[in-house]
Amino acid sequence: MRNFVQDGDTVSLTAPYDVASGDAAKVGGIIGIAVNTVASGAVGQFKTKGVFDVAKVSAQAWATVGLDIYWDDTAKKFTTVSTNNTLIGKNVATAANPSATGRLRLNG
């Protein structure tokens, strides 16, 4: 197949702001987890598929598995609040209120 480029679970994107390794960023309509630390304006590798422990809104309980999870690009955290946020995946484990992290499966 001559037109195949890559699997797509990791893509090269230009970071819109400084992103630490393991943190998320929204680049256009794509949300990915940085493989390494990427400076604002630099090209880096971002995972778009997989299961990750991610920064979540601490005051939220992810009480059941399979909730819709959204990216809040202002707070730079994952949330269950859909308003003004981007749907990105589902939680695959419960998370208490309060807790800083949750386990997320990216939609890809």
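Predicted model: local features only at pLDDT ≥ 70, side-chain atom pairs only at ≥ 80, totals over all residues.
Me: Which residue stands opposite L13 in β4?
Reply: That is G44.

Me: What sheet does β1 belong to, and in what order do the strands come?
Reply: β1 is part of an open sheet of four strands. The order is β1-β4-β3-β2, and the pairing is antiparallel.

Me: Which strands stand at the edges?
Reply: β1, residues 10–14, and β2, residues 24–27. Each has a single partner strand, so one side of each has no neighbour in the sheet.

Me: And what does the twist average from one strand to the next?
Reply: It averages 50°.

Me: What do β2 and β3 form, and how many residues lie between them?
Reply: They form a hairpin, with two residues between the strands. G28 sits in the turn and has a positive phi of about 60°.

Me: Is β3 mostly covered or uncovered?
Reply: Mostly covered. β3 spans residues 30–34, and four of its five residues are buried.

Me: How many bridges does β3 share with β4?
Reply: Two, again antiparallel. A34 stands opposite F46 of β4 there.

Me: Next topic: T48. Where is it found?
Reply: T48 is in the loop between β4 and β5, and β5 covers residues 50–55.

Me: Buried or exposed?
Reply: Buried. The relative accessible area of T48 is 9%, and buried means under 20%.

Me: What does the side chain of T48 reach?
Reply: The backbone oxygen of G8, at 2.6 Å.

Me: Which residues is T48 in contact with, leaving aside neighbours within four places in sequence?
Reply: G8, D9, T10, V11, I30, I31, L106, N107 and G108. L106 belongs to strand β9, which covers residues 101–106.

Me: OK, then β9. Which residues make up its covered face?
Reply: G102, L104 and L106. The uncovered face has T101, R103 and R105.

Me: What sheet is β9 in?
Reply: An open sheet of five strands, in the order β5-β9-β8-β6-β7. The pairing is antiparallel. β5 and β7 are the edge strands, each pairing on one side only. Neighbouring strands of this sheet are turned by 45° against each other on average, direction ignored.

Me: How many bridges link β5 and β9?
Reply: Six, in the antiparallel sense. V51 stands opposite R105 of β9.

Me: And how many join β8 to β9?
Reply: Three. β8 covers residues 86–91 and runs antiparallel to β9. K90 has R105 in β9 as its bridge partner.

Me: What about β6: mostly covered or uncovered?
Reply: Mostly covered. β6 runs over residues 68–72, with four of its five residues buried.

Me: What is the bridge partner of Y70 in β8?
Reply: L87. β6 and β8 are antiparallel, joined by four bridges. Y70 has a bridge partner in β7 as well, and that is T79.

Me: How many bridges join β6 to β7?
Reply: Three, with the strands antiparallel. β7 covers residues 77–79. W71 has F78 of β7 as its bridge partner.

Me: How many residues lie between β6 and β7 in the hairpin?
Reply: Four. K76 is in the turn, with a positive phi of about 60°.

Me: Where does K76 lie?
Reply: Over the face of Y17, at 4.2 Å from the ring centre.

Me: Which ring does the charged end of K56 sit over?
Reply: The ring of W62, 5.8 Å from its centre.

Me: Last one. How many aromatic pairs does a search of the whole structure find?
Reply: One.

Key:
Residues numbered from 1 in each chain as written. Heavy atoms only, no water. Pairing = 2+ DSSP bridges. Axes fitted to C-alpha atoms, helices over the stretch in contact; angles between N-to-C directions. Buried < 20%, exposed > 50% of the residue type's maximum accessible area, 1.4 Å probe, protein only. Polar contact = N/O pair within 3.5 Å; in protein donor to acceptor, adjacent residues only side chain to side chain. Contact = heavy atoms within 4.5 Å. Phe/Tyr/Trp six-rings, centres within 6.5 Å; stacked < 30°, edge-to-face > 60°. Lys NZ or Arg CZ within 6 Å of the ring centre and 35° of its normal.
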